[in-house]
Amino acid sequence: MATAAPSAASRIAVVTGASSGIGAATARQLAAAGYRVVLTARRKDRIEALAEEIGKAGHQATAYPLDVTDRAAVDEFATAFRTIGVLVNNAGGALGADPVATGDPADWRRMYETNVIGTLNLTQALLPKLVESGDGTVVVVSSTAGHGTYEGGGGYVAAKHGAHVLAETLRLEIVGQPVRVIEIAPGMVRTEEFALTRFGGDKEKADKVYQGVAEPLTADDVAETITWAVTRPAHVNVDLLVLRPRAQASNTKVHREV
């Protein structure tokens, strides 16, 4: 990838996990808001198709296949930029819903690596570029799971608590630098892959997550919220924004019409 032109560098937005769901929707909306969007994910075909779609809509997007848990690859990716304006740490996900007593340590490790270490990798690699822009923004897409526990969610909850603490600590540590740190914590969001991935492709189990819930959040709902937060005036920092569907009062209290 060619080094970004300095005159437009502050308008570059990197979005991780951009191959589907919230990441893809965020890329579309940031592009529509005028950002030159860099799409990263492991699935090369998906992000290339999305970049083409965004280009046909008259906006700018570049696909860059990347595994956020591969630090060497992330560091190489960072060399493509002199400065950037926005980093959206969206890559993550949940695996399994077993209780702590029987949860698979391999699943816990994978969730921590993606949700926390992946966010750490990109943030460390790109933070100097964000500072250099003079007006940078780091977004951490966490979850309401990062703010409350629920049965069967131990591994995912632990990982998202880690993401929340990363964002909160980073904000304290870089205060005075020209970089904002924004955490967006969605509740129940129905996307094409989240629950399906969590339950190993079991569609019946995945569908039960949303059963009877008239209007879960959509990926576009979350993307619109991220774009709104990012496009506030530079002196305005949205520290933490929690969003849930009206039918969800907490992680364990959901109104279902059955």
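This is a predicted model: local features need pLDDT of at least 70, side-chain atom pairs count only at pLDDT 80 or more; totals for chains, interfaces and linings use all residues.
Which side chain makes a polar contact with the side chain of His164?

1. The partner is Glu183: its side chain and that of His164 form a polar contact at 2.7 Å. His164 belongs to helix α5 and, with a relative accessibility of 14%, counts as buried because the cut-off for that class is under 20%. Beyond its neighbours within four places in sequence, His164 is in contact with Gly146, His147 and Glu183.

2. The model contains one cavity of 30 Å³ or more. The volume of the largest cavity is about 90 Å³. Its lining comprises 15 residues, and those nearest the centre are Leu95, Gly96, Ala97, Asp98 and Trp108.

3. Two helices deserve mention for this lining: α4 (105-133) and α5 (154-173) each contribute at least two residues to it. Sorted by class, the lining of the largest cavity has six polar, five nonpolar and four charged residues. Helix α5 also carries His164.

4. Three aromatic pairs are present in the structure. In one of them, the ring centres of Tyr64 and Phe77 are 4.7 Å apart and the planes stand at 70 degrees, so the pair is edge-to-face. Tyr64 is in strand β3 (residues 61-65) and Phe77 in helix α3 (residues 71-78); the pair therefore ties together parts 13 residues apart in sequence.

5. Both members of this pair are buried: Tyr64 has a relative accessible area of 18%, and Phe77 has a relative accessibility of 0%. Ring pairs also bring in Phe81, linking Tyr64, Phe77 and Phe81 into a cluster.

Methods. Residues are numbered from 1 along each chain as its sequence is written. Side-chain values use heavy atoms; hydrogens and water are left out. On a 1 Å grid over the protein atoms alone, a cavity is a set of points where a 1.4 Å probe fits but cannot get out, and a pocket is an open set with protein on both sides within 12 Å along at least five of seven lines; lining residues have an atom within 4 Å of a point. Grid points are joined across faces, edges and corners, and a volume is the space filled by probe spheres set on the points. Helices (H or I, at least four residues) and strands (E, at least two) are DSSP runs, numbered from the N terminus. Ala, Val, Leu, Ile, Met, Phe, Trp, Tyr, Cys and Pro count as nonpolar, Asp, Glu, Lys and Arg as charged, and the others, Gly among them, as polar. Buried means under 20% relative accessible area, exposed over 50%, partly exposed in between (1.4 Å probe, protein chains only). A polar contact is a pair of N or O atoms within 3.5 Å; within protein, one must be able to donate a hydrogen and the other to accept it, and residues adjacent in sequence count only if both atoms are side-chain atoms. Contact means heavy atoms within 4.5 Å. Rings of Phe, Tyr and Trp (its six-membered ring) pair if their centres lie within 6.5 Å; planes under 30 degrees apart count as stacked, over 60 as edge-to-face and the rest as tilted.
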